[in-house]
There are 2 protein chains.
Amino acid sequence: MAWILDDSRPIYLQIEDLIKTKIISGVYQPGQKLPSVRDLAAEAAVNPNTMQKALTELERSGLVYTQRTSGRFITEDTAKMTELKEQIAREQLQLFLKNMEQLGLSRDDIRRLLETAWKEES
Amino acid sequence: MAWILDDSRPIYLQIEDLIKTKIISGVYQPGQKLPSVRDLAAEAAVNPNTMQKALTELERSGLVYTQRTSGRFITEDTAKMTELKEQIAREQLQLFLKNMEQLGLSRDDIRRLLETAWKEES
DNA sequence: ATTATTGTACTACTTGATTGATACAATAAT
DNA sequence: ATTATTGTATCAATCAAGTAGTACAATAAT
């Protein structure tokens with residue numbers, strides 16, 4: 001794992017994003033055991049509490065779960081994982097649409113913007 | 001003006017958004033003079049410095065400008081205003097697309113999500 | 001010239017977030 | 001039974017953001 005951290009945002013949030021991406025993209029497989037808090041912390045050169053916080057946040061989202069003294073694992077509930085992804089997507093979408101509406105853009109404007117952006121990027 | 005503020009986000013950001021919306025939606029017309037910092041602050045039941053901060057931020061974006069001792073005015077440069085709107089829109093769009101990509105959604109997925117959301121909402 | 005009104009600068013206080021050091025608790029491994 | 005490893009709780013230190021109080025500076029209005 002890369003552990004490229006900057007000071008633009010809280011470290012624990014950056015870590016959370018990094019791990020979340022690994023999970024969603026399948027680098028971490030369902031059921032897989034994560035390294036211990038201390039090991040992860042050492043690997044990322046970060047205080048164990050900071051790593052702990054990132055993991056706790058991840059847990060709130062349901063992507064990982066804990067077994068008290070044996071460690072943390074990626075959830076095996078792939079259905080839940082999918083549902084979670086969709087929920088996040090919907091939320092992001094709503095936020096986006098709200099912002100666009102506030103700027104006074106119509107649906108056609110948005111469609112046009114999207115296609116233009118995609119055309120430019122390849 | 002409503003001045004409905006909560007404590008979920010910094011007050012000055014909420015104020016900034018409120019005013020920005022009024023400007024973009026045309027409630028505040030180009031060239032129009034804004035009430036003084038103190039008056040706005042009183043109206044919003046907020047410390048003058050807080051209002052000042054919101055207005056300074058708005059100024060950074062170019063939506064308002066200051067004449068040292070006569071007050072603040074909405075910019076008359078409607079072209080600039082339009083350009084600004086488009087820039088904000090593009091930024092929002094890029095952010096949105098990045099998030100969607102991180103979730104592993106394809107372009108078709110995004111198109112589908114959009115149309116679905118719009119269909120549902122009316 | 002004087003006064004009132006404008007934006008601004010400066011400083012301090014408060015609060016919350018972030019990070020860190022350390023100790024605890026539970027249990028798997030031996 | 002003992003030990004090592006796991007996550008967790010607690011407390012403190014630090015830091016930055018936000019807000020507020022007050023005084024200053026410039027100039028339009030009189």
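Analyst: The side chains of B:Arg111 and A:Glu115 form a salt bridge, with N and O 2.8 Å apart; the term denotes a side-chain nitrogen of Lys or Arg within 4 Å of a carboxyl oxygen of Asp or Glu. This pair joins two chains, because B:Arg111 belongs to helix H5 (residues 107-121) of chain B and A:Glu115 to helix H5 of chain A. Helices here are DSSP runs (H or I, at least four residues), numbered from the N terminus.

The model is predicted: local features need pLDDT of at least 70, side-chain atom pairs count only at pLDDT 80 or more, and totals for chains, interfaces and linings use all residues. Residues are numbered from 1 along each chain as its sequence is written, chains are lettered from A and ligands numbered from 1 in the order in which they are written, and side-chain values use heavy atoms, without hydrogens and water.

B:Arg111 counts as partly exposed because its relative accessibility is 31%, and A:Glu115 likewise counts as partly exposed, at 34%. Buried means under 20% relative accessible area, exposed over 50%, and partly exposed in between (1.4 Å probe, protein chains only).

B:Arg111 also forms a salt bridge with B:Asp108, the closest N and O atoms being 2.8 Å apart. These two residues are 3 residues apart in helix H5 of chain B, so about one helical turn separates them. B:Asp108 counts as partly exposed, at 44% relative accessibility. Salt bridges with shared partners also link A:Asp108, A:Arg111 and B:Glu115 into one network.

Over all chains, the whole structure holds 14 salt bridges.
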